[in-house]
Amino acid sequence: MDKKKLTIIAVIIVAIVAIGAYFATSAGSDTIKIGHLPSDHDSALFVAEAQNQFESQGLKVETVQFNNGGDLMTAIASGDIDIGYAGITPVLSSIEKGVPVKVVSGAQTEGSGVVVAKNSGITSFDDLKGKDVATPGEATIQNMLLTYALKKEGINTKDIEFTAMKAAQMNDALKAGKIDAMITWEPYSSIAVNNGYGELLANTSQILPGHPCCVVVAREDFINNHPDELKKILAIHKNATDFVNKNPSEAAKLLPEDIVPDKSLQASVLNATNFVSGLDDSYKDNVLKFVDIEVELGLLQKSISSDKIFADI
């Protein structure tokens, strides 16, 4: 076979591959990517997915897990994720930096805990001085709440060794004695206490009662260009949230195995957690009060107005 024929064949092959890649990409262009954390705070999303609620509304959804809210918001900033379930702290930091994202619904309030190693002798926040405390990351709401608790007690954060760690790895580290304490989201705090290697120092409900925690956020281009899809997703979020609140035992069975190893324990955790949907005035006010606290702590440079935070849907 001469070179001319080989060249023609090569061009045809390249064209076929290119066309195939184009149609493969186009076929996936209608997929809505929703980011989440390995936490039961995102139970409404897990329930909706398990009950095929997205498919029933004609939506093609792909869920993507991230280690913490900071990583998730980075993915939203880059356009890799359309919607996310994330802590309010990394969301506010992203908005301050100009990331085109807005809060479209609440997800839950409170729901994290400070847990110390069994028999550690740590009985107060003051006892954390000189200790190694794990958090899910500097940009997380858990880190912010611990900072807030320490400031209230007059404790300098420089007196504590902070270690950023994946939530699931914290439990292994606490059990092995590699860290002295941790602040983490559910169900990991309850798992440590229930399994006997951790003792609860404080729930975040005690640190800042009623504080907002995880919210549902969406990129502004998704809000503007896909209003019908967003309305369906928010309706699904409400429906799944109502299911979790009314049927915690059944909801626990629908959560991912890698996040919820103990369904019985998880049912009690869900029953004690306040899952929310929508954005009423009371919820918005709580978020704005939270903004003021973050400014006070130096986590935000200045206050953020309501119209910059919340989507008008």
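These legends walk through a handful of close-ups of the structure above. The model is a predicted one, where local features need pLDDT of at least 70 and side-chain atom pairs count only at pLDDT 80 or more, while totals for chains, interfaces and linings use all residues. Numbering runs from 1 along each chain as its sequence is written, and side-chain values use heavy atoms, with hydrogens and water left out.

**View 1. Thr 241 sits in helix α11, residues 227-246.** Helices here are DSSP runs of H or I with at least four residues, strands are runs of E with at least two, and both are numbered from the N terminus. Thr 241 counts as buried because its relative accessibility is 1%; buried means under 20% relative accessible area, exposed over 50%, and partly exposed in between, using a 1.4 Å probe and protein chains only. A polar atom of the Thr 241 side chain lies 2.7 Å from the backbone oxygen of His 237. Setting aside neighbours within four places in sequence, Thr 241 touches Ala 44, Phe 275, Val 276 and Ser 277 (contact means heavy atoms within 4.5 Å).

**View 2. Ser 189 belongs to helix α8, residues 188-194.** With a relative accessibility of 3%, Ser 189 is another residue that counts as buried. Beyond its neighbours within four places in sequence, Ser 189 is in contact with Gly 113, Val 115 and Thr 184. As for Leu 92, that residue is 97 residues from Ser 189 in sequence and 25 Å away in space, C-alpha to C-alpha.

**View 3. The largest cavity holds about 70 Å³.** A cavity is a set of points, on a 1 Å grid over the protein atoms alone, where a 1.4 Å probe fits but cannot get out; lining residues have an atom within 4 Å of a point. Grid points are joined across faces, edges and corners, and the volume is the space filled by probe spheres set on the points. The count comes to 2 cavities of 30 Å³ or more. Among the residues lining the largest cavity are His 41, Gln 142, Trp 185, Cys 213 and Cys 214. Its lining divides into 6 nonpolar, 6 polar and no charged residues. For that tally, Ala, Val, Leu, Ile, Met, Phe, Trp, Tyr, Cys and Pro are nonpolar, Asp, Glu, Lys and Arg are charged, and the others, Gly among them, are polar.

**View 4. The second largest cavity has about 30 Å³ of space.** Its lining is made up of Ala 44, Leu 45, Ala 48, Phe 54, Tyr 85, Ile 233, Ile 236 and His 237. Helices α2 (43-50) and α11 each supply at least two of the lining residues.

**View 5. Lys 118 and Glu 199 join side chains in a salt bridge, 3.7 Å from N to O.** This pair ties together parts that are 81 residues apart in sequence, because Lys 118 lies in the loop between β6 (112-117) and β7 (132-135) and Glu 199 in strand β10 (residues 198-203). A salt bridge is a side-chain nitrogen of Lys or Arg within 4 Å of a carboxyl oxygen of Asp or Glu, and the whole structure has 7 salt bridges. Lys 118 is partly exposed at 42% relative accessible area, and Glu 199 is partly exposed at 27%.

**View 6. Two further salt bridges pair Lys 129 with Asp 126 and Lys 263 with Glu 257.** The closest N and O atoms are 3.0 Å apart for Lys 129 and Asp 126, and 3.9 Å apart for Lys 263 and Glu 257. Lys 263 is partly exposed at 22% relative accessibility, whereas Glu 257 is exposed, with a relative accessible area of 57%.

Conventions: Polar contact = N/O pair within 3.5 Å; in protein donor to acceptor, adjacent residues only side chain to side chain. 1 Å grid on protein atoms, 1.4 Å probe; cavity = no way out; pocket = protein on both sides within 12 Å on 5 of 7 lines; lining within 4 Å.
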